[in-house]
Structures are given as C-alpha cells and as structure tokens.
Amino acid sequence: MTKLPSDRYSPTRLITNPTTQYDFPGDRFIPNRSLMDLDQAHSLLTSRIKKACNPTNFNEVYRQKVEEKLSLDSEGRPFRMLVFRGSPKSSRKSIRLIDEMRREELEALDNSNKQCQVRHFPKKEARILDAPNIVNDFYMNIMDWGRNNVLAVALGSELYLWKSDNGNVQRLLQVRANDYPSSVAWSEDAKTLAVGYLHSNLQLWDAETSKLVRSLEGHSGRVAATGWNGHILTSGSQDKSIINHDVRATNNMTSRIRVHTEEVCSLKWSSRGNILATGGNENLIYIWESSKMSSSNFLHRFNEHSAAVKSLAWCPYQSDVLASGGGTKDGCIKIWNTQQGTCISSIDTKAQVCGLEWNRHHKEIMSGHGFSASENRNLLCLWRYPSMTKVGEFRRHASRILHLSQSPDGLTVASAGADETLRFWDVFGPPSTDNSRISELEGLLSLKTSPLR
C-alpha cells in the first residue's frame, strides 16, 4: 500500500511561494480563499474560446466532463453555477454613502463640542424678588415650581403664586397668625397644590379657581414634606409617620408607615414612580418600593449621614441614582445606587446642605448651603457628575439658602434665602444665543404693590 504525503489533500499544496506566511491555511473540507488561484478558476469556468493550461495531469475526457457539468444544465443549456452578483458601481455607491454618514456624525460631534465649549458659568443671578416673612426653618419645604411655570412660595402665614411668564403675583391663601404653611407641592398636571401646615393640616387647593378642594386627615404634627406620584399624595410629618393619600377616594389614607424615629423632613418619588426616598431628622434615609409600602418593609436603609437629611434629588438620566445632602454636622453630598443599595460617591462640602437640584441638560448637580464653621456658608455650588468636581459657586445670598426649585424647562433654578430674597439663576441650560433676554431679566424693576417684588 502506497503511503501518500501528509499534505496531499490540504490546500497548502497550492502555495507556490513557500516563504509566504498564512494565518489560516485551511483544511480538507473548508478551503481558504487566500490560498487559491481564483483568476484561473474563473477562467476555467467562463472561457469558451481558449482553454486555460491545466497544471494537473487530469485526463482530457474527464476535464471536458467537469466543464460540461459546471457550464451546462441538465438539458444542455448554458448555465453558470458560480457567479458573483452585484456590480462595482453599486459597491462604490454604498461606500460613498457610508463615508457621508460618517462625515455627518463627525460634524454633529464637532458642533456638540463647540456648544459645550461656549457654555459659560454666569457671574450673577438673572433676577431677584423680595420674599418678606419667609420662615427661616431648615426642616420645611415651602417652595415648588410647577409644570404650569408658576412658582409657589409660602411667606409666613400667606402663600403666593408667581407666574414666570408675565411676573404676576397672586395670593392663594392666608391662615391665622399662629399657623403657617410648612410644605407645598404641585401635582404632576399642575392643577392642584398640596399644602401642609404647622398644625398637622394637609389641604388641596385648585390653583386656577383659588379654592380649597379638600382637607386630608391623618397627621398629628407638622407636615414638613409632601410629594405627588400620580393621584397619590405622600406626606411626611413631625409625628414620624409617612402617609399615602389617594386623593380620588373618600377614605383617602391608603397606607401609613412609621419607621423614622424623628421628624420626616424630606421625601421624593423617583421619575418612574416606583421608588420613594424619605429622609429624617435622625440622619437616616429609607428607600421604599411603591408596591410594598403597606407592609412597612423598606428596600434599603442608608445611615452614612451624620446629620438630618433634608435634601433629596433623583437623577433625571439614571433612574436608580439618588443624591442626598446632610445638615450642619454632616455637610456631605452623597450619591446612592438604590438598586444595589450602595454609596457611589461622597463629597464633603463643609456646609449645611439645604437643597439639591439635578441639571437635566448637562451632567451636573447644584447644591444650596447654609450654616458652616468655614467660609463655605450661604453658597450655591455647581458640581460636575459623576466626578463631583466643582464647576463654580455663587455667594449672593446674605444668609443661608433655605430652598431650591427648578423651572419646568430645566433652564433656571430659584433659590430662597433667609435674607428674604428669591434669586433666579440661568445656570442649567445650553448657551444662550439671545443676549437681549438676559439683559431684559437683569433690568426688570421690582413690583411695588406685592410682598413678592
């Protein structure tokens, strides 16, 4: 029995230049195109005039039979078994289209980078309003900017509505002197305003008609925090309880939770409405799933702050990311992953954190500060996320900043200070191309006939 060479059936036998190196020499059944003479194969299959030279010693009759099988069908008509479809012209057109798409993407990226480069940090506020009699209390939440572009703010025993579009001011309500609003929150459709009071009352007001819609029972202490989740109004109180109210139902209370050991001074629903975060005066944050609140079983408990947690804010582009701020003895901004229950980062601001607002147009977060043993008191600071490096700061309030709220378009932040002023900052949005608007806002005169002027 004759022993055949080991490479007899391997495509490597077709290599004419032994010095050429190939990464994939192929095998008996899966040949490698790079090892084949495709030009010769094409000539053998398509040439009808001149026969290509045959490097092998095949019998002429056998070769003719192979050609017939590859070039004629069963009835003897011309047939091409192996043929390349498409034309060089169409291929070139496809390449040009891909090149054009890549060029457009690069131009869009360049334009985006240019816009980011020309965005400047403003030197001062765009507008100032007087806010006499505002209560200087860290634990309350008495300012909210609704989707109707109306800013609600409580000044002592009165609650005012300021319309950003035309600057008109309307007094919505006034209570007796020994009581005052301690929290306000617009509903998602901005038709109803929830108002919590010092003496445990919780009311719903129709902003369009300026009429009281109903009162909600359940608390026995100051209602310092309120927040909406669709038709559910959630309230937190000095009585340490959290109540969910279904405002459509006659019996409004759907669940009552009492796990905080001190006053509930902040609460915020996530943008998807499935997670609630609550902060307490005992320095704790609780994370709740909306579907399990009736059982009082919390999802997470964060205890890394060392002072009251009044500031909470959900990230607008990462639904499971929460920012929190601690009081005077803590002074830290912490970023949490509420899905995993971990602290992503922490930055020591060396000042009481009174308010937090995320920038919806750029990855930034603004913080408002109060008391501090250092020079960082009464500051507004802008931080880049996730590095938490400081972009800039304002020191325009003469006293501590009590509250922050953001306009519905996400361009402006309003700050309320114990110096009895409201200040508006065009700091969040893209670079402005209309400088006349800025100068117009800076030149507006104060209103003379209203507490808000």
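Reader: What are the ground rules?
Author: This is a predicted model, numbered from 1 along each chain as its sequence is written, with local features needing pLDDT of at least 70 and side-chain atom pairs counting only at pLDDT 80 or more.

Reader: How many helices and strands does the protein chain have, and what makes a run count as one?
Author: The protein chain has 4 helices and 28 strands. Both are DSSP runs, numbered from the N terminus: helices are H or I with at least four residues, strands are E with at least two.

Reader: Why is Asn 136 called partly exposed?
Author: Its relative accessibility is 44%. Buried means under 20% relative accessible area, exposed means over 50%, and partly exposed is in between (1.4 Å probe, protein chains only). The value for Asn 136 falls in between, so the residue counts as partly exposed.

Reader: Where does Asn 136 lie, and which residues is it in contact with?
Author: Asn 136 lies in the loop between β1 (127–130) and β2 (143–145). Leaving aside neighbours within four places in sequence, Asn 136 is in contact with Arg 400, Leu 402 and Ala 418. Contact means heavy atoms within 4.5 Å.

Reader: What makes the link between the side chains of Asn 136 and Arg 400 a polar contact?
Author: The distance is 2.9 Å. A polar contact is a pair of N or O atoms within 3.5 Å; within protein, one must be able to donate a hydrogen and the other to accept it, and residues adjacent in sequence count only if both atoms are side-chain atoms. The Asn 136 and Arg 400 pair is therefore within the cut-off.

Reader: Why is Ser 255 called buried?
Author: The relative accessible area of Ser 255 is 9%, so it falls on the buried side of the cut-off. Ser 255 is in strand β13 (residues 253–257). Not counting residues up to four places away in sequence, Ser 255 touches Ile 242, Ile 243, Asn 244, Met 293 and Ser 294.

Reader: Which sheet holds β13, and what makes β13 an edge strand?
Author: The sheet is open, with 4 strands in the order β10-β11-β12-β13 and antiparallel pairing. The edge strands are β10 (223–229) and β13, because each pairs on one side only. Neighbouring strands are turned by 15° against each other on average, direction ignored. Such angles come from axes, lines fitted to C-alpha atoms (for helices over the stretch in contact), and run from 0 to 180 degrees between N-to-C directions.

Reader: How do you know that β10 and β11 pair?
Author: Two strands pair if DSSP finds at least two bridges between them. β10 and strand β11 (residues 232–237) have 6 bridges, in the antiparallel sense, so they pair. Asn 229 stands opposite Ile 232 in β11.

Reader: What is the order of the strands in the sheet with β6?
Author: The order is β6-β7-β8-β9, an open, antiparallel sheet of 4 strands. β6 (181–186) and β9 (211–216) are the edge strands. The twist averages 25° from one strand to the next. Inside this sheet, β7 (residues 192–197) and β8 (residues 202–206) pair over 5 bridges. There Val 195 stands opposite Gln 203 in β8.

Reader: What makes β19 mostly covered?
Author: In strand β19 (residues 321–326), 6 of its 6 residues are buried. Val 321, Ala 323 and Gly 325 point one way, Leu 322, Ser 324 and Gly 326 the other.

Reader: Which strands does β19 pair with?
Author: β19 pairs with β18 (residues 309–314) over 5 bridges, and with β20 (residues 332–337) over 5 bridges. Both pairings are antiparallel. Leu 312 stands opposite Ser 324, and Leu 322 stands opposite Trp 336. A hairpin through 6 residues joins β18 to β19. In the hairpin of β19 and β20, Gly 331 takes a positive phi near 70°.

Note on methods: Side-chain values use heavy atoms; hydrogens and water are left out.
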